[in-house]
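Have the structure open and follow along.

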Amino acid sequence: MVVVLGIEGSANKIGVGVVKEDGTILSNPRHTFISPPGHGFLPRETAIHHQEWALPLVRQALEEAGLGPGDIDAIAFTKGPGMGGPLVSCAVVARMLSQLWNVPMLAVNHCVGHIEMGRLVTGAADPVVLYVSGGNTQVIAYADQRYRIFGETVDIAVGNCLDRFARVLGLSNDPAPGYNIEQLAKQGKKLVDIPYVVKGMDVSFSGLLSFIETAAKTMIDKARRRGGEATPADLCFSLQETIFAMLVEITERAMAHCGSRDVLIVGGVGCNLRLQEMARQMCAERGGQLYATDDRYCIDNGAMIAWPGVLALQRGQICSLEESTCTQRYRTDEVLVTWR
């Protein structure tokens, strides 16, 4: 049976996964580069982190899978989208292993990797996909061997919006700023009026973020002095409620267009239980079902690259050494989905 090793490292996480042809995930270790509170992760520092952790994770993945290099039939890597330095660091490792082990390479689109991993784990057949992460925000549906984008952010991604507001509040980046916003939001009681920016099938987060960043210091200072104004918990609660309502709205609009009742949430922000709750309620009202996964598969991981690699290998979509380049802006709908 075919076995593929996948390497993912498009952002601050590097993961190595080993997956069999039947969809069995044999191993899926990863490591996260965590920057200090109030700071994001820079491409150069993240690339160095990935270079340090790539081979230890490959060894760990093989050990956990109970396999050796001779058992691997192909190496899948993330071609894009993502940050240039981290992407190239992982592609170099993929090229090295491909030549050392004399196995072919498979270039995988990061976004398609999230979708196929979600479909594999949840068993969702043909849902509308809400893809929400630090670098991407898209509403997607499959048609004619493409994952078509029905709506997306016109500026920054939802995860980037949450991360940047976490920096304003000085929240820790461990395990993730978005996760810490989610926990703080559970304590919020007051809903602050924040701009709600839906433009047809698209959403915008940059103006909304500027508004709440500017308001945050004033509101929090007043709350500390005399009470009655918004607390950090209130602002996190308000931010989540507003942006998640925007995302659910455009997802429902895509469902109406496609005649679909089911939704699959993928990407790192898809771990957020409040977002899942809002989407689940919307799906139930339409007589459908929400499909979602936990942080093992929502957050960037190697198995989500290995599994599309298996699907591509079955169709003979092998990547040559000359073609094993990275593309920071690799659109979801550029991929020919030959396996569906």
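## Where H5 meets H7

In this predicted model, the H5 side of the contact with H7 is made by Ile181, Glu182, Leu184 and Ala185. Facing them from H7 are Pro232, Ala233, Cys236, Phe237 and Gln240. Sort that contact by class and you get seven nonpolar residues, plus one polar and one charged.

As for geometry, H5 (residues 177-185) and H7 (residues 232-258) pack at about 110°, their axes 8 Å apart. The two helices are therefore roughly perpendicular to each other.

## H7 end to end

H7 has 27 residues, and at 1.5 Å a residue it should span 39 Å. Just after H7 comes Gly259, with a positive phi of about 70°.

## Two cavities

Look inside and you'll find two cavities of 30 Å³ or more. By class, the lining of the largest cavity has five nonpolar and four polar residues, with no charged ones.

The second largest cavity has a volume of about 30 Å³. Around it sit Ile115, Arg119, Asp126, Pro127, Val129, Tyr142, Tyr147, Leu264 and Arg340. Here the lining has six nonpolar and three charged residues, and no polar ones.

Note on methods
Residues numbered from 1 in each chain as written. Predicted model: local features only at pLDDT ≥ 70, side-chain atom pairs only at ≥ 80, totals over all residues. Heavy atoms only, no water. Axes fitted to C-alpha atoms, helices over the stretch in contact; angles between N-to-C directions. Helix = DSSP H or I, 4+ residues; strand = E, 2+ residues; numbered from the N terminus. Parallel < 35°, antiparallel > 145°, perpendicular 65-115°, else oblique. Contact = heavy atoms within 4.5 Å. Nonpolar A, V, L, I, M, F, W, Y, C, P; charged D, E, K, R; others polar. Expected span 1.5 Å × (residues − 1). 1 Å grid on protein atoms, 1.4 Å probe; cavity = no way out; pocket = protein on both sides within 12 Å on 5 of 7 lines; lining within 4 Å. Points joined across faces, edges and corners; volume = space filled by probe spheres on them.
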